[in-house]
Amino acid sequence: MAREFQRGHKAKVSDLTSGTDLYVGVQIAGPGLTFDISCFGLDADEQLSDDRYFIFFNQPKSPEESIQLLGAQAGDTESFRVTLDRIPANIHKLSFTATLDGAGQMSQAGPGYIRIVAGGEEVVKYAFTGSEFTTERAVMLGDFYLKDVWRFAAVGQGFDGGLDALLKNFGGEVAEEAPAAPSQDAPPAFAPPSQASAPPAFGAPAAPQAPQPAPAFGAPAAPAPAPQQPPVHAAPTIAAPMAPQAPAPYGQPPQQPQFGQIPGQGAPPAAPPYGQQPPAAPPYGQQPPGAPPYGQQPPGPFGQQPPGLPHGVPQGVPAAGAGLQAALQPYKEAATGQRWTSQNQQLMRVDLTMGGMPVLARQGSMVMYQGKVDFGYKGAGFAGRMVGNATGQEMQLMRCTGRGQVFLAEEGAHLHPIELQGDGICVSAENVLAFDESLQYEVRRIEGHGIPGGALFTMQFQGTGTVVVKTHGVPVVLPVTPTTFADCNAVVAWSSASQVIVSSQVRLRRNAYPGHSGETVNLQFRGAPGNFVVVQPYEV
């Protein structure tokens with residue numbers, strides 16, 4: 001049974017199938033749109049260092065034929081054959097993309113997908129819709145990438161430019177078109193190669209109307225294609241017509257309701273006598289007659305758009321688009337394909353399906369989750385409670401397990417994911433929001449004569465994994481030098497290799513005078529170059 005991927009999901013190819021000879025099918029379409037579907041073979045720096053591995057309609061296969069363009073089949077707009085064990089060592093990523101050829105934008109595309117078929121069986125599928133994009137003219141659909149083993153990632157990332165801009169982004173060069181010489185042969189069109197020069201038979205069983213016999217290997221046969229109809233919910237909802245509207249004859253009411261008019265509020269007012277303007281009563285919420293709506297340009301001559309406004313865009317429509325989806329677009333979920341993803345400065349998302357390990361989080365920090373997730377109490381045991389109570393480094397934790405995404409936050413604090421790769425970091429328990437269960441943590445004592453409030457201890461995290469640190473405001477990271485001091489109530493974290501001691505500025509003769517500066521006890525940091533200390537703009 002095929003696994004359904006969402007944007008950002010990744011998996012080892014060996015977990016999907018044991019085969020290395022794979023069929024990749026892409027389906028994307030839209031009314032009046034034409035798409036170019038390509039594959040970029042990129043090096044370790046994600047650059048197209050060898051243009052022979054740019055596989056598209058004019059170059060249908062790589063030199064050793066490890067990547068081949070097969071054409072449309074089995075209901076797919078375009079398809080490829082990828083033989084992973086034949087890909088040369090200098091190619092580290094295969095990026096499958098779809099770009100618009102001609103006018104249009106990706107938000108006008110209907111539902112589509114990219115899928116992988118092995119041995120005639122679909123093993124993974126990533127579906128998308130045009131509503132996930134806005135004005136982009138290209139989209140990166142999915143990647144095969146080499147990270148110790150070959151893996152597949154559902155990307156779904158839009159790109160503002162077309163095929164030329166995407167090619168330049170990957171470090172390629174766009175060849176200038178030379179004048180065409182007279183020839184009897186027509187130039188190659190965007191279509192699969194002919195059967196005489198096509199690569200070996202590979203792909204889907206033939207559609208019912210094809211006369212060729214169905215090959216035994218490739219994609220499963222597609223059902224009979226249903227007549228395509230324009231998608232109902234593919235384009236974003238707007239409050240004004242998208243197509244340019246011709247101005248109505250002078251003195252006649254427009255055929256469409258004005259921007260902001262709610263349908264169903266009654267028929268438009270009767271047309272005034274020929275040659276007269278309609279009544280100047282402003283719609284609800286707008287300024288009095290004669291003044292332009294708030295934030296807009298003054299109107300130009302009758303029947304013309306104001307200066308700087310594209311033709312056909314109704315007055316009052318924001319430049320970035322109108323409607324509910326345009327308003328919510330800046331706040332959409334950010335899916336980067338990583339286990340930990342910052343949604344904004346105060347909200348963190350962890351994908352439990354990646355990494356296969358539970359997460360320990362502060363109790364009550366979950367604000368939302370998707371999928372099947374279990375939350376359990378994580379006890380510290382009697383000894384742990386005793387140590388926590390004695391040192392002030394007690395953490396009330398919950399254990400998050402399952403397959404899904406958990407969103408974490410706490411009181412609007414700024415959140416910072418810190419990934420450890422065998423190294424360590426010291427963080428006060430008060431500043432820890434969540435961390436991977438794979439990390440080892442223990443209470444560590446700070447050298448010195450003690451700090452008021454019991455902050456003589458801190459938590460040390462070591463191993464491989466991520467710990468999410470929370471701060472009040474945006475912190476600053478300083479390198480550790482022999483003269484680095486920090487207020488013990490403002491310091492958040494520091495590298496575990498740093499030496500930390502308590503520094504006191506209390507003088508006996510100063511105690512003879514009433515009052516003091518309030519900066520009598522600080523932490524002094526020492527260590528080799530590369531050590532750091534994190535301080536927040538807030539004192540606990």
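Student: Does Arg-339 count as buried or exposed, and at what relative accessibility?

Tutor: This is a predicted model, in which local features need pLDDT of at least 70 and side-chain atom pairs count only at pLDDT 80 or more, whereas totals for chains, interfaces and linings use all residues. Residues are numbered from 1 along each chain as its sequence is written, and side-chain values use heavy atoms, with hydrogens and water left out.

Arg-339 counts as buried, at 12% relative accessibility; buried means under 20% relative accessible area, exposed over 50%, and partly exposed in between (1.4 Å probe, protein chains only). Its side chain meets that of Asp-436 in a salt bridge, at 3.0 Å from N to O. Arg-339 belongs to the loop between helix H3 (324–328) and strand S13 (340–344), and Asp-436 to strand S19 (residues 432–436), so the pair ties together parts 97 residues apart in sequence. Asp-436 also counts as buried, at 3% relative accessibility. A salt bridge here is a side-chain nitrogen of Lys or Arg within 4 Å of a carboxyl oxygen of Asp or Glu; helices (H or I, at least four residues) and strands (E, at least two) are DSSP runs, numbered from the N terminus.

The structure holds 14 salt bridges. One of them joins the side chains of Glu-410 and Arg-362, at 3.7 Å from N to O. Glu-410 lies in the loop between strand S17 (397–408) and strand S18 (414–427), and Arg-362 in strand S15 (residues 359–362), so this pair ties together parts 48 residues apart in sequence. Glu-410 and Arg-362 are both buried.

Glu-410 forms a salt bridge with Lys-470 as well, the closest N and O atoms being 3.1 Å apart. This pair links distant parts of the chain, with Lys-470 in strand S21 (residues 457–471) and Glu-410 in the loop between S17 and S18, 60 residues apart. Lys-470 counts as buried, at 9% relative accessibility.

Elsewhere, salt bridges that share partners join Glu-46, Lys-93 and Asp-143 into one network. Asp-143 stands opposite Ala-153 in S12. Strand S11 (residues 138–147) pairs with strand S12 (residues 149–159) in the antiparallel sense over nine bridges; two strands pair if DSSP finds at least two bridges between them. Both strands belong to an open antiparallel sheet of six, in the order S2-S12-S11-S8-S4-S5. Its edge strands, S2 (10–12) and S5 (54–55), each pair on one side only.
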